[in-house]
Amino acid sequence: MKVSVHAFANLRDYAPAGGGKFELALADGATVADLLTALRIPAAVEAVMLVNGRRADTATRLSSDDEVTLFPPMEGG
Amino acid sequence: MHGWCGKILRVDLSRGRITREPLDPQVARSYIGGRGLGIYYLRREVDPAGDAFGPQNKIIMATGPLTGTAAPTGARYVVTTKSPLTGAITCSNSGGNFPAELKKSGHDAVIIEGGSARPVYLWIDGDHAELRPADHLWGRTTHQTDDALRSETHEKAKTAVIGPAGENRVLFAAIMNDRDRAAGRAGVGAVMGAKNLKAVVVRGQREVALADPAAFKAVNTKYREAFKAKTQDAPPALRTHGTAITVVGTQSHGVFPTRNFQQGTFEGWESIYGETLTQKYLVRPKPCFSCPIACGRVTRIPDGPYQGEGEGPEYETVYALGSDCGVDDLAALTKANYECNELGLDTISMGAAIACAMELYEKGFLKESDTGMPLRWGDGDALVRLTRMTARREGFGGLLAEGSLRLATRCGHPELAMVAKGLDFAGYDPRGEQGMGLAYATSPIGGSHMRGDPAYFELLGVPVPADPHTWEDKPPLVAKWQDLFCVIDAAGLCVFFSVRYLVEQDLMVKPVGITELLNAATGAGYSPEEVEKTGERIFNAERLYLQAAGFTRGDDSLPPRITREPMPVGPARGMVCKLEEMLGPYYALRGWTPEGRPSEAKLRQLGLL
């Protein structure tokens, strides 16, 4: 299956070819943890994870065409 | 005293008299400083029913015990007064370098009272203070005023000034310090203008005396090292991209206010968010005094019709002058931001008033004969023009200068002002962020995010995430965070560092690190529980002031758009803010009556009776 990913700030560094917005092929039934592994994002790197605009965690299971957003925790606006 | 200077400067503008008085050690302990001292003096000295522009109103500029120390982000001061915009208290907070300089002049606070017959400025040079004529500065921009004042006092002096907007009593005029930092909200600059006080200029060279310098150094090092460890692989997003990176958090959750809060997603967001700002206009990040984050932005628009140089925009400005007006032209909104800084306007209420006007115009409730120009969504040029007209109260700018609620009311549609207690919301739509709705409605100054900011845990993952769509769990969290923000604002710290490093990293945010810093600085021997209780005392004292000014439970409200019109699109689609459901439990756990009044038992417990 394919999901679309939008990564921001330092998490953009883990995107293929450096672009923040990309599609990623994953095995059916993959979780957010599988996605982080596929992108080689170390466990120590903090990330806020959203799937289709809803808060997710590493155990969240992904479906085809899901939109995943990744950004670092932020100190404020 | 240590941490505290133990001295208050009192300036009577009517008589031209300046006196000094001691800070009562028991008051210092019970209210810490900053926002706490502000409400302490306001309750004692300013009639809540009085005219905000009258000579009986006072302006309390107060630092905290950590202001001017080496504590991370020990840069803040708070300006407390009765607001001309809302009739409520306002306590607006700012960083930069002026607050630390004020503290180093040997004063915890300056209380400004009365009113001057002629324009004046206050010059504080350590122990020496005097009022000087300011006729020659009247009408000048904040930057021109800063240049002139430093040239006629001391080149290293720091300034807090008003621009033409404050002089003209624009109801949301700001006090600008260090040129581009703002104590922005609810009209503190207009009160200064009404008093004919153009500026406070200060030179201070005295280091803050610490109770236990070795312990202070150790605690300070511990938290700075924690920051370094967390950011060693990647700098904080706030340093790299500024607060405008927060658009990512709001847009992705569908709470980025768009076209006067008609929806929570903005199609043009990628044109105006932090990473685009970095690529196009960033010159360099700029830290406040003693800050390791450096979220400030020095920016430059190199060419085109909006060519210019200055600071900003911050996230709140990107929302208010950008998405909320449907503007996706980053140069235009940045230019309007520069204008706001130089004219001395709060960018949030300026943008919100224009957004409200645009909706009124688009719906036919305002005509071109009223506005003098078309007011279509997305018109970046109108932003810049209206900002200038508002500061000088020219034409339609005279109506905008009264703020969104008075404008919408005059057009017969007060429900189109996106406000709580008359103060415009910050950049978060409460329909998709339930805790924010409760925070706006119960904030003592009205629709502010900075009186206990649920966006941290609802959107930004700090210190740990909570679901933004649930409301049942929010009353205790909002109350806890409101009290914490009182403590941060009283101590003289910035929220940005404090919420990640100086509190326990769970949703209950016990202020352990803040307590350690306060104790090393002051020797007061606070427990974290006493510090928390101090925060609760400040919040309740502010509530009492509101009550005395005539505010009731009915004022803890949000516009019907937020509580009755379901969000039309995006991740929060179909949602409204469950404010009524949250208010009852919130009052109960605060120890307030069902009418929202602090109970006698609660007041006794907090020493407020």
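This is a predicted model: local features need pLDDT of at least 70, side-chain atom pairs count only at pLDDT 80 or more; totals for chains, interfaces and linings use all residues.
Which residue follows H21(B), and is its phi positive or negative? The residue is Gly492(B), and its phi is positive, near 95°.

**Chain A on its own**
- Chain A contains one helix and five strands, and along the sequence they come in the order β-β-α-β-β-β.
- For 77 residues, a compact globule would have a radius of gyration near 11 Å, and the 11 Å of chain A agrees with that.
- Taken along the principal axes, the C-alpha atoms of chain A fill a box of roughly 35 × 25 × 20 Å.
- Buried residues make up 38% of the 77 in chain A.
- Among contacts in chain A with a separation of 6 or more, 56% are between residues 24 or more positions apart.

**Where chain A meets chain B**
- Here 17 residues of chain A are in contact with 32 residues of chain B.
- On the chain A side, the elements that give two or more residues are strand E3 (48-51), strand E4 (54-55) and strand E5 (67-71).
- That side of chain A is made up of eight nonpolar, six polar and three charged residues.

**The nonpolar core**
- In soluble globular proteins, nonpolar side chains tend to be buried together.
- The largest nonpolar core here has 228 residues, and Ala357(B) and Leu383(B) touch the most other members.
- Beyond its neighbours within four places in sequence, Leu383(B) is in contact with several residues, including Leu321(B), Cys325(B), Val327(B) and Ile354(B).
- Ala332(B), Leu333(B) and Ala336(B) are also among the contacts of Leu383(B).

**A closer look at Ala160(B)**
- Ala160(B) sits in strand E9 of chain B, which covers residues 158-161.
- Ala160(B) counts as buried because it has 32 C-beta neighbours inside 10 Å, where 20 or more are needed.
- Setting aside neighbours within four places in sequence, Ala160(B) is in contact with Phe98(B), Ile175(B), Asn177(B), Ala199(B) and Val200(B).
- Arg179(B) is 19 residues from Ala160(B) along the chain, and their C-alpha atoms are separated by 7.8 Å.

**Helix H21 of chain B**
- Helix H21 of chain B runs over residues 474-491; at 1.5 Å a residue its 18 residues should span 26 Å, and the 25 Å between its end C-alpha atoms agrees.
- Because 16 of its 18 residues are buried, H21(B) is largely enclosed by the rest of the structure.

How values were computed:
Residues are numbered from 1 along each chain as its sequence is written. Chains are lettered from A and ligands numbered from 1 in the order in which they are written. A nonpolar core is a set of buried Ala, Val, Leu, Ile, Met, Phe, Trp, Tyr and Cys residues joined through C-beta atoms within 7 Å. A residue is buried if 20 or more other C-beta atoms lie within 10 Å of its own, exposed if 12 or fewer, and partly exposed in between; C-beta atoms are placed from the backbone. Two residues are in contact if their C-beta atoms, placed from the backbone, lie within 7 Å. Helices (H or I, at least four residues) and strands (E, at least two) are DSSP runs, numbered from the N terminus. Ala, Val, Leu, Ile, Met, Phe, Trp, Tyr, Cys and Pro count as nonpolar, Asp, Glu, Lys and Arg as charged, and the others, Gly among them, as polar. The radius of gyration is taken over C-alpha atoms; the globule rule is 2.2 Å times the number of residues to the power 0.38. The expected span of a helix is 1.5 Å times one less than its number of residues.
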